[in-house]
Every structure is written in C-alpha cells, then in structure tokens.
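Here's a quick briefing to read with the structure open beside you.

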Amino acid sequence: MFPIRVEHTVAACGGFSFFWGLAALKGNAMSSGNMNVKPLKASQSGAATKKDFLSQGTIEHIDITQNPGVVGIVDGMRQMAYSARDLHRAADIYDRMLRDRQCGIILTLAGSLISAGLKKIFVDMVRNNMVDAFVSTGANIVDQDFFEALGFRHYIAEDKLKSGLFDGELREHALDRIYDTLIDEEELRICDETTQKIFDEMEPGPHSSREFVRAMGEYLDKNGGPKCADSLVYEAYRRDVPIFCPAFSDCSAGFGLVAHAVARGDSPRSTHDSGKDFYELTQLKIKNPTTGLIMMGGGVPKNFTQDIVVCAEVLGHDAPMHKYAVQVTVADVRDGALSSSTLKEASSWGKVDTVYEQMVYSEATLALPLIAGYAYHKGAWKSRTGRKWNQLLEPAAV
C-alpha cells in the first residue's frame with residue numbers, strides 16, 4: 001500500500017492531513033485495518049541477496065560514559081581556532097546549563113541521528129538528568145528508536161552503495177538506504193503496524209505527539225520492555241521526560257495513523273493535534289522560565305522550540321528568552337536557509353538571549369559525542385534533579 005517512504009530526510013518536512021483522501025482509500029485492503037507489510041515493489045531479484053547487502057554488520061551506538069579523556073580533548077580546543085574553539089564553548093555552555101539549577105533543558109533532533117549511532121547518548125542523557133524534554137523529527141523517535149526497541153537493527157552499508165548506483169537493486173530487496181546505512185523495509189512495515197495497534201487502543205480524540213510517544217513507551221513497558229539494550233522512547237517514558245514530534249505524521253506513526261483512521265471509518269478515532277503540541281511545550285516554558293536549548297540540526301524541531309517564547313507572550317505571559325542555546329549544523333545561512341538561521345538572528349525575534357549562545361558548524365555524529373561527553377564527565381548532572389515534565393502536562397485525575 002505504501003511503496004515509497006519519505007520520512008528519512010535530513011530535516012523534517014511538514015506532516016500531512018491523514019483525513020484528506022480517506023474516501024479514496026476505502027474499499028481496498030486498508031479498509032479492513034490490515035496493513036500491507038509486504039512491500040509491493042520488492043521483487044527479491046538480482047544477483048546479490050538481501051543477506052549479502054546486510055553482511056557488513058550493524059550500527060553500534062557510541063558510549064560516552066566510557067571515555068573520560070574527552071574532557072581533556074575538549075578543554076584543549078579552547079585555545080585553538082575555527083570550529084574547535086566553537087565546539088569547546090558549546091560544551092562549556094551545556095555544562096553551565098547543567099550547573100544552573102533553575103534551567104530546564106530541551107534537546108532538539110533533526111536528521112537521521114539514532115540510526116547513525118547516537119542513541120545511547122540520548123538515553124544516557126535521560127538516565128542522568130541531563131535533559132528535560134525532546135523535540136524531534138518523527139523518524140528519529142519512531143522509525144529508528146522505537147523500531148530498534150521492537151528488536152530490529154540498522155545495518156552498515158558497503159561503501160560502494162553510497163554512490164547511489166545500487167539503489168534500484170536495494171529496492172528489489174526491500175532495503176532502504178540512509179546514506180551509508182541500511183534498514184529493512186519489511187521490518188519497518190511491522191513498526192508501522194505496531195503503531196496502528198497502539199493508536200487503536202488509545203482514547204479516541206485529539207492527542208499531542210507527546211501523548212502518542214508516551215503510549216509507545218507504555219506499550220514497550222507492558223510487553224516486557226525494549227528488545228535491545230537501550231531505547232529513548234522507553235527510558236523517557238519511565239522517567240517522565242516528554243518527547244514531542246511536531247511533524248508526527250512524517251514517519252511510521254503517519255502510516256499507523258492513516259491505517260487507524262481508515263479502519264475506524266466514521267467511528268471516533270485518535271488524531272494528532274499539532275496545536276496541542278505547541279501549547280504543551282509552551283506550558284513548559286511558562287512553568288519553567290529559565291531554559292536552555294541544545295539543537296542538533298535545524299528544521300521543524302528547532303523553530304518549534306524557539307517559538308515557545310513568542311507563544312508564551314501571545315498567551316499573555318512575559319516569558320524570558322531562552323537563556324542558553326547551542327546549535328550544531330552543517331547548513332549555511334548564505335542561501336537564506338531558515339533552518340540555519342543563526343542564534344544571534346533568533347535574538348532579533350525575541351527567542352534566544354545572546355550571552356550564552358554558540359553555533360557549531362559540524363556534523364552531529366562528530367560534535368555531539370564531544371559536547372555531551374564533556375558535560376557528562378564534568379559531572380554537573382550528579383546534583384541535578386529530573387523535572388519529570390510529563391507530569392506537568394498530564395490532565396489531573398478526576
């Protein structure tokens with residue numbers, strides 16, 4: 001039913017309305033609520049077998065907790081130049097966030113970061129009270145983290161596959177390529193199907209993406225936990241750390257929502273309310289005025305999170321700008337790219353203060369282990385208490 005995936009992009013595109021065109025879908029296999037978990041375009045032909053393509057091994061997630069020497073390396077960058085000095089200042093600002101007991105920390109994720117091997121960093125940040133909320137693309141949370149929590153893996157792609165010359169052959173074997181990483185489309189369909197089952201069990205009505213992701217964590221908890229060593233969705237659920245995906249439909253959850261809606265027909269159904277996302281995240285800013293941002297990439301997660309300062313003002317609250325802000329990006333402002341608008345530029349919009357802000361022009365898999373590893377081994381998190389922001393957003397019991 002869904003031969004082409006669009007969610008594995010460097011930055012999130014907007015979601016789609018899953019009510020549009022539902023009438024056209026009725027009458028096919030989707031109307032029964034059964035998803036097609038066998039990709040129609042996979043012919044399984046070609047010289048190489050799927051096993052051959054996956055023979056390079058799996059992506060393994062880097063463990064920053066085992067590398068205390070990173071502090072000396074990053075401190076040494078302080079007297080260097082270019083991106084090295086910028087990275088040291090970014091790491092120092094993050095350390096300041098952790099030492100500021102009034103500061104609530106929000107981490108934004110754009111790009112395929114968990115599939116690239118950064119998952120354990122995010123999980124350890126949650127376990128050690130180094131972050132209080134996430135705003136992410138749906139792909140990172142659902143197609144990558146939740147996908148691995150279901151027992152599936154991301155695979156190292158042979159170097160020649162990066163040329164793009166073999167993508168047709170990969171399609172024949174139902175293998176999706178994320179630059180130098182492979183993911184099994186048939187396993188992704190199971191992830192799609194699982195999200196539908198979760199949505200089917202939820203109370204009908206509008207939900208924020210935070211509520212959907214929390215339900216995914218609850219699903220894992222009720223079914224024996226994740227089938228892998230670490231899961232951000234699961235760990236965030238256990239520690240009441242909210243995860244927002246503003247473009248929630250742009251991932252496996254989107255396919256699950258479509259299947260859920262079609263199966264329900266005219267009956268009550270669960271829907272994604274992006275306005276509720278914005279309101280909930282803004283409530284966190286109102287209730288915790290001092291905030292710090294760590295932004296991996298740009299796009300929807302970055303802009304959505306910066307805008308909560310303005311939204312608080314629209315709602316009549318004099319919320320201060322984000323006190324701290326670090327952005328890691330490879331985008332360039334010279335082409336007018338909004339995702340790469342500098343943090344100083346954001347100050348003109350009343351979003352980010354300029355005392356503790358730093359742009360780092362680097363690729364995330366290089367910069368984040370150094371920044372997060374530095375802050376972890378500096379140890380400020382040891383005296384920090386988790387804010388359990390999910391509890392602030394849950395409706396009071398009647």
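**A helix, some strands and a few side chains**

Helix α11 spans residues 252–264, and its 13 residues reach 18 Å from the first C-alpha to the last, close to the 18 Å expected at 1.5 Å a residue. Keep in mind that this is a predicted model.

**Around helix α11**
- Most of α11 is covered, with 11 of its 13 residues buried.
- Just past the end of α11, glycine 265 takes a positive phi of about 60°.

**The parallel pair, β9 and β10**
- Strand β9 (residues 291–296) runs parallel to β10, and 5 bridges join the two.
- Strand β10 covers residues 322–329 and is mostly tucked away: 7 of its 8 residues are buried.

**The antiparallel sheet**
- Three strands make an open sheet in the order β3-β5-β4, and the pairing is antiparallel.
- Its edge strands are β3 (155–156) and β4, each of which pairs on one side only.
- Strands β4 (residues 175–178) and β5 (residues 181–184) share 4 bridges in the antiparallel sense.
- Two positions to look at here are arginine 177, whose bridge partner in β5 is leucine 182, and leucine 175, which stands opposite aspartate 184 in β5.
- The hairpin of β4 and β5 has 2 residues between the strands, and tyrosine 179 in this hairpin takes a positive phi near 55°.

**Aromatic rings**
- Searching the whole structure turns up 9 aromatic pairs.
- Phe199, Phe212 and Phe248 come together as one aromatic cluster.
- For anyone setting up a ring analysis, a pair of aromatic rings is described by the distance of the centres and the angle of the planes.

- Tyr279, Val310, Val314 and Leu315 make a nonpolar surface patch of about 370 Å².
- Tyrosine 279 belongs to helix α12, which covers residues 274–287.
- Why is tyrosine 279 counted as partly exposed? Its relative accessibility is 45%, and the partly exposed class sits between the buried cut-off of under 20% and the exposed cut-off of over 50%.

Definitions and conventions:
Residues are numbered from 1 along each chain as its sequence is written. This is a predicted model: local features need pLDDT of at least 70, side-chain atom pairs count only at pLDDT 80 or more; totals for chains, interfaces and linings use all residues. Side-chain values use heavy atoms; hydrogens and water are left out. Buried means under 20% relative accessible area, exposed over 50%, partly exposed in between (1.4 Å probe, protein chains only). Two strands pair if DSSP finds at least two bridges between them. Rings of Phe, Tyr and Trp (its six-membered ring) pair if their centres lie within 6.5 Å; planes under 30 degrees apart count as stacked, over 60 as edge-to-face and the rest as tilted. The expected span of a helix is 1.5 Å times one less than its number of residues. Patches are made of residues with over 30% relative accessible area and no salt bridge: like charges are joined within 9 Å, nonpolar side chains (Val, Leu, Ile, Met, Phe, Trp, Tyr) within 5 Å. Accessible areas come from the Shrake-Rupley method with a 1.4 Å probe; for residues, only the protein chains shown count as cover. A salt bridge is a side-chain nitrogen of Lys or Arg within 4 Å of a carboxyl oxygen of Asp or Glu.
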